Every structure is written in C-alpha cells, then in structure tokens.
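Here is a quick tour of a protein model, going from the overall layout down to a single residue. Have a look at the fold first, then read on.

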Amino acid sequence: MSHPQAERHPFLDDLTADAELVSSVLRGPVAGRDGIRRVVDAVGTFYASQTPTFVQNVGSRLFLEYEAVLNSGEKLSAAVIVDHNPDGSVPRVSVRMSPLGAVLALATGLRERLSQQLRQDLFL
C-alpha cells in the first residue's frame with residue numbers, strides 16, 4: 001500500500017464495509033463505513049481548529065492525538081486509535097476525548113445534527 005499519505009484521510013479511506021467506531025461522544029459503537037463517515041464529517045463541522053500533536057504507528061495500530069478548539073471556544077483533546085488489518089483496511093477506530101465539558105458540548109451537537117440519520121440510542 002504505497003498511497004501518498006497527504007492525500008488520504010488517516011482512516012476514512014480505508015474503512016471496511018462493517019467497520020466500527022467507538023467514541024467518548026457516543027453511547028455505543030457506530031457500525032459501517034457510511035455511518036462512521038457521517039459522524040467524522042459532522043464532528044469536523046464543530047471544530048474551529050484542529051492541530052495534530054502526536055502520530056505513531058505501533059504494530060497494526062495508528063495512534064493519533066490532536067488538540068481542537070470547538071466553534072464555542074472550548075478546548076478539546078483527543079486520542080484516536082486506528083486498528084489495521086494485514087491488508088491495510090481498517091475494521092475499528094476508537095476516539096477518546098476530554099475534558100468532559102467539551103465532550104458533552106460535542107455530543108449535544110452530534111445529536112442535533114445526526115439524530116435523524118443514526119440510531120437514537122447512540123446519542124448522549
């Protein structure tokens with residue numbers, strides 16, 4: 001897999017059809033490439049800025065940390081763990097966020113933005 005990294009998303013371009021996303025801003029996993037893309041795209045709309053602070057591949061996992069500022073001005077820290085299959089495809093992504101105030105603000109925004117498109121029981 002010799003794709004130019006600059007042109008590819010760290011995981012969206014490689015999700016398996018039945019991939020799973022777990023995150024601090026959701027009550028349960030989001031399954032499937034389309035649902036995950038909806039959540040990731042929606043989260044991006046709440047960020048005024050996003051700055052990567054750490055990126056490291058360890059075995060079959062990519063660890064990515066970033067700082068973000070929400071449109072509301074709240075600061076958010078996130079750690080993303082991307083699992084890779086041997087063929088480079090991505091079956092699972094885990095996103096841990098803090099502090100709680102920013103997480104809850106983001107969760108509320110996601111519920112308002114996606115409640116018609118994803119299962120109700122996913123939202124805080």
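Which pattern does the protein chain follow when read along the sequence? The order is β-β-α-β-β-β-β-α, and the tally comes to 2 helices and 6 strands. The radius of gyration is 14 Å, close to the 14 Å that the globule rule gives for 124 residues, so the chain is as compact as a globular protein of that length. Keep in mind that this is a predicted model.

**The chain as a whole**

The C-alpha trace spans about 40 × 30 × 20 Å along its principal axes. Of the 124 residues, 40% are buried. If you take the contacts with a separation of 6 or more, 45% come from residues 24 or more positions apart.

Now to strands S4, S5 and S6. S4 covers residues 61-70 and S5 covers residues 75-83, while S6 takes up residues 90-98. S5 pairs with S4 and also with S6, antiparallel in each case.

| Hairpin | Bridges | Residues between strands | Turn glycine and its phi |
|---|---|---|---|
| S4 and S5 | 9 bridges | 4 residues | Gly73, about 100° |
| S5 and S6 | 7 bridges | 6 residues | Gly88, about 95° |

The phi of Gly73 is positive, and so is that of Gly88. On the S6 side, Val80 has Val95 as its bridge partner.

**A closer look at Lys75**

Lys75 belongs to strand S5. Is Lys75 buried or exposed? Its relative accessibility is 63%, and the cut-off for exposed is over 50%, so Lys75 counts as exposed. Which residues does Lys75 touch, leaving out those up to four places away in sequence? They are Ala68, Val69, Pro99 and Ala102. Val95, the partner of Val80 mentioned above, is 20 residues from Lys75 in sequence and 16 Å from it in space, going from C-alpha to C-alpha.

Key: Residues numbered from 1 in each chain as written. Predicted model: local features only at pLDDT ≥ 70, side-chain atom pairs only at ≥ 80, totals over all residues. Heavy atoms only, no water. Pairing = 2+ DSSP bridges. Buried < 20%, exposed > 50% of the residue type's maximum accessible area, 1.4 Å probe, protein only. Contact = heavy atoms within 4.5 Å. Rg over C-alpha atoms; globule rule 2.2 N^0.38 Å.
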